[in-house]
Amino acid sequence: MSASSQKDRAAMALEAEARRLLRALAAEGAWGFDDTEGAKPRIAVAAPRGRVSVRVATHSAASATILCGAGLAVWDGAAKRKLALTDTGKARAARDAASGGLNPFLAQHKPTVRRAADNSPDAAQVIHDQEESPIAWLATRKDGNGRPLISASALEAGERLRRDLTFAQILPRVTADWTANAAARGYSGETLHFSEMAIAARQRVEQALSAAGPEFAGLLVDVCGFLKGLELVETERGWPRRSAKVVLALALHQLCRHYGIAEQAVGPERSRGLRHWGAEDFRPALNAGAPSG
């Protein structure tokens, strides 16, 4: 192998290591520092794990030099130096992390997460924009005690109502209707016809809103269906500031109760009693047929 080829391979390897360092620093709460334990200058990356910070990666000092030279990372300049990504570096890491058909520009500017399309075991994984739904946005925010503003069970209940509202076609359309051809073709076997899916979804919506009660039904449709922000809801309804969050939490709690969603299984007191179709004497006696005396 020629000297130029070896030089090119070394440069490519160093660039790849710089990309790995970029990904490591992009983790939440991660930072880099000089690793003085080895013989060669290295950059170690630490990140929080629970209540402690642990070392998660080690890279060459040259890879950090590449990131700093490109404006993707910067040292804080204090006595104990810390390496962190710049805003440009964070944007670059978000673009590089785009995968599965996700547009890199969307990955840079929108917080996205992969979730199942529905509750079926074989549901396809789809990309969700966490800022599209107000309740998904609330689930990523925390209060003063570090707890999410919306619990995982409340988020699941709100998203389930949102899916049913979409399938039910109750909300007015703002784009072209692409469902006509799908409904016209129909399906065979066990798959429901599109109109049957819509009818079933409407029934589920009616049951959910009835269980939530008239006090919360309109709010749930506004937030989960029309995706209205809480500030807009407060303005339209003349509510005090920050009051919609409290009312929405109560409404989602009612939905959780209707759907049977809870943060954890508690035991018999949540089982509502065991049920069976046996008669009172359906269990055979243990001594049946035993000889007497």
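Residues are numbered from 1 along each chain as its sequence is written. Local features need pLDDT of at least 70, side-chain atom pairs count only at pLDDT 80 or more, and totals for chains, interfaces and linings use all residues, while side-chain values use heavy atoms, with hydrogens and water left out.

**Exercise 1. Confidence**

Find which elements have the lowest and the highest mean pLDDT.

Solution. Start with the whole protein. pLDDT is the predictor's confidence in each residue, from 0 to 100. The protein averages 76, and 67% of the residues score at least 70. Next, list the elements: 12 helices and seven strands. Helices (H or I, at least four residues) and strands (E, at least two) are DSSP runs, numbered from the N terminus. Helix H7 (residues 179-185) has the lowest mean, 47. Helix H11 (residues 243-259) has the highest, 93. Now check residues 178-190. Their pLDDT stays under 50, and the model gives them eight contacts (heavy atoms within 4.5 Å) beyond four places in sequence. Where pLDDT is low, the predicted coordinates should not be read in detail.

**Exercise 2. The setting of His-59**

Decide whether His-59 is buried or exposed.

Solution. Locate the residue: His-59 lies in strand S3 (residues 52-60). Apply the cut-offs: buried is under 20% relative accessible area, exposed over 50%, partly exposed in between (1.4 Å probe, protein chains only). His-59 has 7%, so it is buried. Then list its contacts, leaving aside neighbours within four places in sequence. These are Glu-17, Arg-20, Leu-21, Ala-24, Arg-42, Ile-43 and Val-45. For scale, buried residues make up 28% of the 293 residues in the protein.

**Exercise 3. Cysteines**

State how many disulfides the model has.

Solution. A disulfide is a covalent bond between the sulfur atoms of two cysteines. The rule asks for a pair of cysteine sulfur atoms within 2.5 Å. The count is zero. Now look at burial. Cys-224 has 2% relative accessibility, so it is buried. Cys-256 has 7%, so it is buried too.

**Exercise 4. A helix pair**

Work out how the axes of H10 and H11 are arranged.

Solution. Two packed helices are described by the angle between their axes and the distance between the axes. Axes are lines fitted to C-alpha atoms, for helices over the stretch in contact, and angles run from 0 to 180 degrees between N-to-C directions. The axes of H10 (residues 230-237) and H11 come within 9 Å and cross at roughly 100°. Angles of 65 to 115 degrees count as roughly perpendicular. H10 and H11 are therefore roughly perpendicular to each other. Leu-230, Val-233 and Glu-234 of H10 make the contact with Ser-243, Ala-244, Lys-245 and Leu-248 of H11.

Technical notes: Parallel < 35°, antiparallel > 145°, perpendicular 65-115°, else oblique.
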